[in-house]
Amino acid sequence: MSEKRPNRKKTARYLFANLAALLSAAISALMLGRQYPLMRGFFLLFLFSELFTLCRIFVIQGKSGNSQKRDYIGKCLTDWITAGEEQKLLAARIFFLFVQILLLAKRPDFFKANIIIVIGSIILFILLILRQRRISATPKKLKTSTKIKIAAASYLLYLILGVLISGFPQPKISDEYKKSFRPETFFGGTDNPAKDRAVVLEDNSKALIERVRMIRGAKDRVILSTFDFRTDLSGKTLLAALLDAADRGVSVKIVVDGVCGLLRMEQNPYFFALSSHENIEIRIYNRINPLIPWRLMGRLHDKYLIVDTTAYILGGRNSFSYFLGDWPGHKNYDRDVLVYNANGSTESSLYQVESYFNEIWNLKYTRTFHNRKSIGKRACVKRAAEELRELYTQYLADYQEAASPADYEAMTFPTKKITLLANPTTAYAKEPTVFYALTKLMKQARESVTIHTPYIIANDFMYDAFAEIAAAVPEARMMTNSVANNGNPFGAGDYRANFDKIRATGIQLLEYEGGVSYHGKSIVIDDDLSIVGSFNMDMRSVYLDTELMLVIDSKEVNAQLRDLLYRYEKECAIVQMDGSRIFPDGVSPQEISSKKKFNIEVLYNLLRWARRLL
């Protein structure tokens, strides 16, 4: 019986050797994979082989108590390796040691510990090889079903590790960007006002009407970028307006995030009705590729619509009924800005947005979505197209404002200058340019700063920035959803868990208790700068997502936005320095249902280790 008792010490040696190799591979990939694409393929093969070995250890350890079999664990990496497998694995470890030594000069603080890990792994692996050489018995081959389980478990571990790698490290702002950023360039002169005029779109119904009206008036081209596009009533209305424009000969280009492309658009006849149209092209940013998990977290979070050279809408609204239209059911509060190029000027900020779109459109990982004309001949696609055309006719009959031409001159306000702020467009971890720019502008405020954000999921870099704003500006406050009012369970859980850290920054906190989840992303600085866009005060927006924020120098737009923000602030609890809350007359705390409480606690506790990715 004693001979069949599991030898935990031996198994632990194997596990440590392979885990150490995995860790060293991950660290090397972080430093090399982003700069040298050829390294990614090598890392992919090495990582999968190591995961396979680890899973093999667990499977064999669980299936057999024979110590002889356990001694042989790790010798055979896969059945297709016929000879010299230990030497190949050892060579891989030695290669990584060589890489670490080369990188010491660049990051000595980071790689000293890693070299120790690699050396320890090599020593253990050599000892294991020598020990296995003394074993004469041949291991029993694994069953096919066992091999499949090992491969599946290996891939799952590979996927999880790849996703985690995407959030590490979080890049720092470069000295080059710091030197190039000048807050004064965001202000316009009184002698030469901007040709752009602007107005904030606050109402969900109005936001859909203006989109349809803008597309309806298009003569040459329509450009749409969105994070989430669904075929509910508002989504179909937008698709119908775009299809009608294409039928009139207008060129339509649409770019959508990869997650939406997979979950909402694949095999969806309504999107096929557009993608197969000769005047419409749809592309997917960073299409989901399960073989490249370290790229899965890079998401397209931009939301804008450009029509001809006349006008554009930019903000935080996704393209479905939660954010657009006035329909029964769930909704979120959000915000856009409509910008009108009054004189067709080539200096309009419209061309900044267009230039950004062209950069996204032409990226190597922005791929065309099902553009074969034959798709349009499918019966289901024909029915979808016909349904969209009928829906469009009905919508215009019900909302005659959308059918009438817009008087943009009358509905907009003058501006001195409009400037676009954008994160890098790479699908990998990004330099936090938008967050840095926003905080620099806020720290220049003479009197006041007001921030509205649906979520606050921050790291030390962000907490420090909030503290600097609070110290530099006489009146600095930030409004976010209360835990009960937050539509994002993880965001609600993280806010509750890190409430004291946020409060300790000294910034005045307001918690929205209006009963409808607030999704607006806006900042007002003094009485001149207004900032609206897609950027949340969370680590996803800072480091992972593409993001746009429009900085508008206009006292008129600032007054409009300030009034709109105040309407929400009247329904807020005011957080005191000691963490207590004051509820003004008419404001009461939202109740958390048992279901929502369960969702918040379970989701946050399960995923809090990955908060920089969510």
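Helices (H or I, at least four residues) and strands (E, at least two) are DSSP runs, numbered from the N terminus. Serine 593 lies in the loop between strand 20 and helix 22. With a relative accessible area of 41%, serine 593 is partly exposed; buried means under 20%, exposed over 50% and partly exposed in between, with a 1.4 Å probe and protein chains only.

The model is predicted, so local features need pLDDT of at least 70 and side-chain atom pairs count only at pLDDT 80 or more, whereas totals for chains, interfaces and linings use all residues. Residues are numbered from 1 along each chain as its sequence is written, and side-chain values use heavy atoms, with hydrogens and water left out.

Nine strands form an open sheet of mixed pairing, in the order 10-18-16-15-11-13-14-19-20; two strands pair if DSSP finds at least two bridges between them. Strand 10 (417-422) and strand 20 (581-582) stand at the edges with a single partner strand each, so one side of each has no neighbour in the sheet. Strand 19 (residues 572-575) and strand 20 run antiparallel and are joined by two bridges. Valine 575 has arginine 581 of strand 20 as its bridge partner.

Helix 12 (residues 350-361) packs on this sheet and touches strand 10 and strand 18 (548-553); contact means heavy atoms within 4.5 Å. The direction of helix 12 makes about 20 degrees with that of strand 10. Axes are lines fitted to C-alpha atoms, for helices over the stretch in contact, and angles run from 0 to 180 degrees between N-to-C directions.

**Helix pairs**

Helix 16 and helix 17 (residues 460-472) pack at about 15 degrees, with axes 9 Å apart. That makes helix 16 roughly parallel to helix 17; angles under 35 degrees count as roughly parallel, over 145 as roughly antiparallel, 65 to 115 as roughly perpendicular and the rest as oblique. Residues making the contact include Phe435 and Met442 of helix 16 and Phe461 and Phe466 of helix 17.

The axes of helix 18 (residues 489-497) and helix 22 (residues 594-607) come within 8 Å and cross at roughly 80 degrees. Helix 18 is therefore roughly perpendicular to helix 22. Among the contact residues are Phe490 and Arg496 of helix 18 and Tyr604 and Leu607 of helix 22.

**Salt bridges**

Side chains of opposite charge can pair when their charged atoms come close. The structure holds 29 salt bridges, each a side-chain nitrogen of Lys or Arg within 4 Å of a carboxyl oxygen of Asp or Glu. Three of them are tabulated here.

| Arginine 446 | Aspartate 527 | 3.5 Å |

Aspartate 527 forms a salt bridge with arginine 446. Aspartate 527 lies in the loop between strand 15 (522-525) and strand 16 (529-533), and arginine 446 in the loop between helix 16 (433-443) and strand 11 (448-452), so the pair ties together parts that are 81 residues apart in sequence. Aspartate 527 is partly exposed at 38% relative accessible area, and lysine 555 counts as partly exposed at 42%. Salt bridges that share partners join Arg446, Asp526, Asp527, Asp528 and Lys555 into one network. Arginine 540 and aspartate 545 are both buried.
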